[in-house]
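Dear colleague,

Here is the model I said I would pass on. Please have a look at it before reading the notes below.

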There are 2 protein chains.
Amino acid sequence: MRAVGVVVEYNPFHNGHYYHIQESRKVTEADLVIAVMSGNFLQRGEPALVSKWARTKMALEGGADLVIELPYVFATQKAEIFAFGAVALLHALGVDSICFGSESGEIRSFRNTLEEMKGRKETFDVLIKQALEQGKSYPRAASDAFHSLKLADSAVDLSQPNNILGFHYVEAIDKLNSTIQPFTIKRTKAHYHDQHFADQHIASATSIRTNLFSEKTNLEEIQNVIPETTYSHLLSYKKSFEMFHHWENYFAYFKYRLLSSTPEELRQIYEVEEGLENRLLQHITSAETFKEFMEQIKTKRYTWTRLQRVCTHILTNTSKLLMKENSEQPTYIRLLGTTLVGQDYLNGIKKNVAIPIVSKLSAFSNEQINLDIKASNVYASCLNEPYRSMLIKQEFSNPPIRYDQNNKQFL
Amino acid sequence: MRAVGVVVEYNPFHNGHYYHIQESRKVTEADLVIAVMSGNFLQRGEPALVSKWARTKMALEGGADLVIELPYVFATQKAEIFAFGAVALLHALGVDSICFGSESGEIRSFRNTLEEMKGRKETFDVLIKQALEQGKSYPRAASDAFHSLKLADSAVDLSQPNNILGFHYVEAIDKLNSTIQPFTIKRTKAHYHDQHFADQHIASATSIRTNLFSEKTNLEEIQNVIPETTYSHLLSYKKSFEMFHHWENYFAYFKYRLLSSTPEELRQIYEVEEGLENRLLQHITSAETFKEFMEQIKTKRYTWTRLQRVCTHILTNTSKLLMKENSEQPTYIRLLGTTLVGQDYLNGIKKNVAIPIVSKLSAFSNEQINLDIKASNVYASCLNEPYRSMLIKQEFSNPPIRYDQNNKQFL
């Protein structure tokens, strides 16, 4: 069976994701789609709208055959580490190809860029360092450095967010000496950061979330751009847990955490660097919302995303030491859901998979997965009882979700 | 001016406290009453009903002339350390006497007990250790050991909670080589742990709180047993902050803290001993209320109070190391409120006070007071914004409360 891997967050799963899965299957001629999906906290340093379980259901009904959790140590990181963790998992699962959306849409240009960059890595790093010292943010510094290299016209434009991720997927394949074939699909209908619905049936996840959290949520507008299945999972989640998850719901816990920590304790937290702890402590006392706090601590040097990730690590109490020790390689494959096809595939390959496939939390334990468990505990914190305890228990008791793709029903 | 010291929590200030202040003034022939009062967290390991500021107002209107904060490192401890911290502060403030309520009511019997115990400290400690090894709780072990010593009939009965505190006040005076004269008043009308109103006008603070937090709060019953001033401060606090503070209001934060901590991190917390961290982690996942959690972790070995103190230290993130380094001596006198008489007294003695008198937090900083600040931050956590930020700011910006006792008005 030919498998294609996709790296996703599905926050929430929408028509663009559906299109991505269909196209990936088509262009790679795959028999099944394996989605590596961020758990409850995402790359931009924020909680997912709904839990990984609800998002797994959306993914399975949307065409994915296997849903694997991208561990916290990779999911909440900058593009390079995020991409490496995801590709390493897909490599361990023996996929034949990966397929990602990008602004470029030309896989050749990613390969060219990688080749050209190889010889110039040192220059590139020096340029980034200089730009950082000028007080630029990391993405800005990387983008400027990239342009200064004046690569051939065939190189991909690395100032675009999806091109950056794509570049790191291709780079990770190379690092792993993997035979995975990369493919890319051009993103056209909606840009990554679009706040408003750009098209009648395709919209970015950002714009969907903005709508969901706006005072005048327009469900009809949302229904136009997400599959019916996503819509019903969203409604059912809200009904079950009385909430969609948003940073604001965690702000009380975050403030409590900051105000009960010493600067020394904060310095142990991952990504708290360069005296940032003092800036955080200085502004937390009077901030009444997360947004207000973020606006107060924001500087040119740190992107919003970078600061949100810092806040996420503080919220989840994740130390530099633990992140350093556990982000070299994925050490397990946490299975969140499968279709019947996905199950067949797993049965076929499982003897050859080098790391444990974890279906039940109670059957496996290590430091890397403990960080996922902690993240899930923290993710549940913002719910009221009994929902908090329910969600925490799901993490331990939920077996992988099984979906019969032929009869369109969960088993 | 002759000063008498009293050691109090005023949670809340009631008629019994009013009587205690009047009697203390009378029997010691004092010109003023200095109250050393626990801050926002109390000896039984629970948050005070209302903040130290509201309780200071109650105390000043109830007859105290100076209100001093008992630092967190002493306030949340077993009787011996609690008493030592309070007496050391009163000693530093040059009081002539202290006066405490006790079941005994005979100061001579406290002195006798202290003298008799001195020669038998070693035997006493061995007896306690044996009883602890049999799985008894500390108070039970101490009480049994005390009875085994078979002291003279004139000794005080140390199985009574106020006698125990009184004994430690007298012991602390002795340890400090202080000239403070101890006095005691017999407690009759209401027992320490009484849940119901024992008399028409005197009731224990416990019974008042039980009434306040019951589903059928009976304000009329409460009004009978507290001064009008206390009543109006309680109403005004509830109106300002929309809440009385109760452990249940902190349970979400406590659960979040526990579930984002490793066993190793919990072991660093003060009073987390003998593998207690595992017991806590085992039961926290499913507990939906603080009461439910406490009932699950309770064993014969640990008293409810001891476990509540452990939970308080976890909530406030207070380590063994910091408590050990900072509980030897009070290092400052935090002034919460004064009457005009209190101010005169302070002006007269301040040159001779060995440790700094802190009127404004911004003017003083050390590790001991940082623990008080942290405790106040945590205390405010359970409030909704903007109240949370308001209460946190009060801690820094509030000058001591000044009260004109002649015209019965705050200045």
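A rotation of 180 degrees, with 0.0 Å of shift along its axis, superposes chain A on chain B with an RMSD of 0.0 Å (copies are superposed by least squares on the C-alpha atoms of residues with pLDDT of at least 70 in both). The two copies are thus related as by a two-fold rotation axis. In chain A, the C-alpha nearest that axis belongs to A:Tyr253, at 3.3 Å.

This is a predicted model, in which local features need pLDDT of at least 70 and side-chain atom pairs count only at pLDDT 80 or more, while totals for chains, interfaces and linings use all residues. Residues are numbered from 1 along each chain as its sequence is written, chains are lettered from A and ligands numbered from 1 in the order in which they are written, and side-chain values use heavy atoms, with hydrogens and water left out.

The interface

The contact (heavy atoms within 4.5 Å) takes 28 residues from chain A and 28 residues from chain B. The copies meet through the same surface, because 100% of the interface residues of chain A are also interface residues in chain B.

Chain A and chain B bury about 2,400 Å² between them, 57% of it on carbon and sulfur atoms. Buried area here is the accessible area (1.4 Å probe) that two parts lose on being put together, summed over both. A:Tyr256, A:Leu259 and A:Glu288 supply 25% of the area that chain A buries against chain B, more than any other three residues.

Across the interface there are 2 salt bridges (a side-chain nitrogen of Lys or Arg within 4 Å of a carboxyl oxygen of Asp or Glu). B:Glu385 forms a salt bridge with A:Lys255, with the closest N and O atoms 2.9 Å apart.

A buried glutamate

B:Glu395 counts as buried, because its relative accessibility is 2% (buried means under 20% relative accessible area, with a 1.4 Å probe and protein chains only). Its side chain makes polar contacts with the side chains of B:Arg334, at 2.9 Å, and B:Ser376, at 3.0 Å. A polar contact is a pair of N or O atoms within 3.5 Å; within protein, one must be able to donate a hydrogen and the other to accept it, and residues adjacent in sequence count only if both atoms are side-chain atoms. Leaving aside neighbours within four places in sequence, B:Glu395 is also in contact with residues including B:Lys52, B:Trp53 and B:Leu361.

Regards

Terms used. Buried < 20%, exposed > 50% of the residue type's maximum accessible area, 1.4 Å probe, protein only.
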